[in-house]
Amino acid sequence: NPTSHFYYSQRMKLHYLDWGNPDAPPLLLVHGNRDHCHNWDWVARELCDQYHIIAPDFRGHGDSDWVIGSTYSHTEYVYDLAQLIHQHELAPLHIIAHSLGGGVALRYAGVYPENVKKMVVIEGTGGPAWMYQKRPTHERLKDWIESTRKVSGRIPKRYGSLDEACQRMQDANGHLREDQARHLTDHGSNQNEDGTYSWKFDNYTHVMSPFDMNHEETRELWGRIECPLLLISGSESWHSQRKDDPTEHFQHAEHVIVKNAGHWVHHDQLDEFVGLVNDFFGDTPA
């Protein structure tokens, strides 16, 4: 079983799981938006004999601190990853990342191409539509102000029981088995003082910074990545319906679509996913 640890990034106390086996090659598992590090528990169990696995909670997620008086953006998440890798001298390393975590890890690999050996990214080359729209500056800033004001009045959803929260988890991903949903709910929620349950993530993660890297700048970073990339999509996810080729902006990338899987491919088809990872990383990690 993993052990919980903390590190500091921009004065915030951030949490990560360490799955042991410190003499093995390091492998970083990076979760998606409003997820948490235990999202990777099933994958980690399959790979922890081969790798030294570290699975962090991003700021505002899981058991990490929430941002106060600032905003959430890919750039800050990149710093969190960079700090974890730097402080624990993990580079060069392998990375598996999902969704938002994939977008963040790809940016990191573009900044530090020498630090990443191989990377698997599950549906991490997309992003919010507004990131790709050229809109007047005043409109973007106004939307951010009004969205932030709106989320400030948003009361975290309270569930009467863990069963109720678990059902919400299954509604969000119809492929999840009941035991998977229960595990994710147990680790992804806190009990409130009145006995109800709420998700651990910060509601402010719904509002991203209005001025982060644009599409062109992101693609420029992607073009700097030197390591081999395996991009994975689920056949039932919106991501696999995109018309563009997700590999075209990378030097060494291949794309696989996994059948009978949605956005969380590593949950929906665990055995196939682990097989793809092992084939891609190689039987004996370097």
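Trainee: Which residues do ring pairs link into a cluster?
Mentor: Ring pairs link Tyr-51, Phe-280 and Phe-281, where rings of Phe, Tyr and Trp (its six-membered ring) pair if their centres lie within 6.5 Å, and planes under 30 degrees apart count as stacked, over 60 as edge-to-face and the rest as tilted. This is a predicted model, in which local features need pLDDT of at least 70 and side-chain atom pairs count only at pLDDT 80 or more, while totals for chains, interfaces and linings use all residues. Residues are numbered from 1 along each chain as its sequence is written, and side-chain values use heavy atoms, with hydrogens and water left out.

Trainee: How many aromatic pairs turn up in the whole structure?
Mentor: The search finds 8 aromatic pairs. In one of them, Tyr-108 and Tyr-112, the ring centres are 5.2 Å apart and the planes at 40°, so this pair is tilted.

Trainee: And Tyr-108, buried or exposed?
Mentor: Tyr-108 is buried, at a relative accessible area of 2%, whereas Tyr-112 is partly exposed at 35%; buried means under 20%, exposed over 50% and partly exposed in between, with a 1.4 Å probe and protein chains only.

Trainee: What about Tyr-159 and Trp-199?
Mentor: Their pair is edge-to-face, with 5.5 Å between centres and 65° between planes, and both residues are buried.

Trainee: Changing topic, what share of the residues is buried overall?
Mentor: Of the 286 residues, 53% count as buried.

Trainee: And what box do the C-alpha atoms fill?
Mentor: Taken along the principal axes, the box is roughly 50 × 45 × 40 Å.
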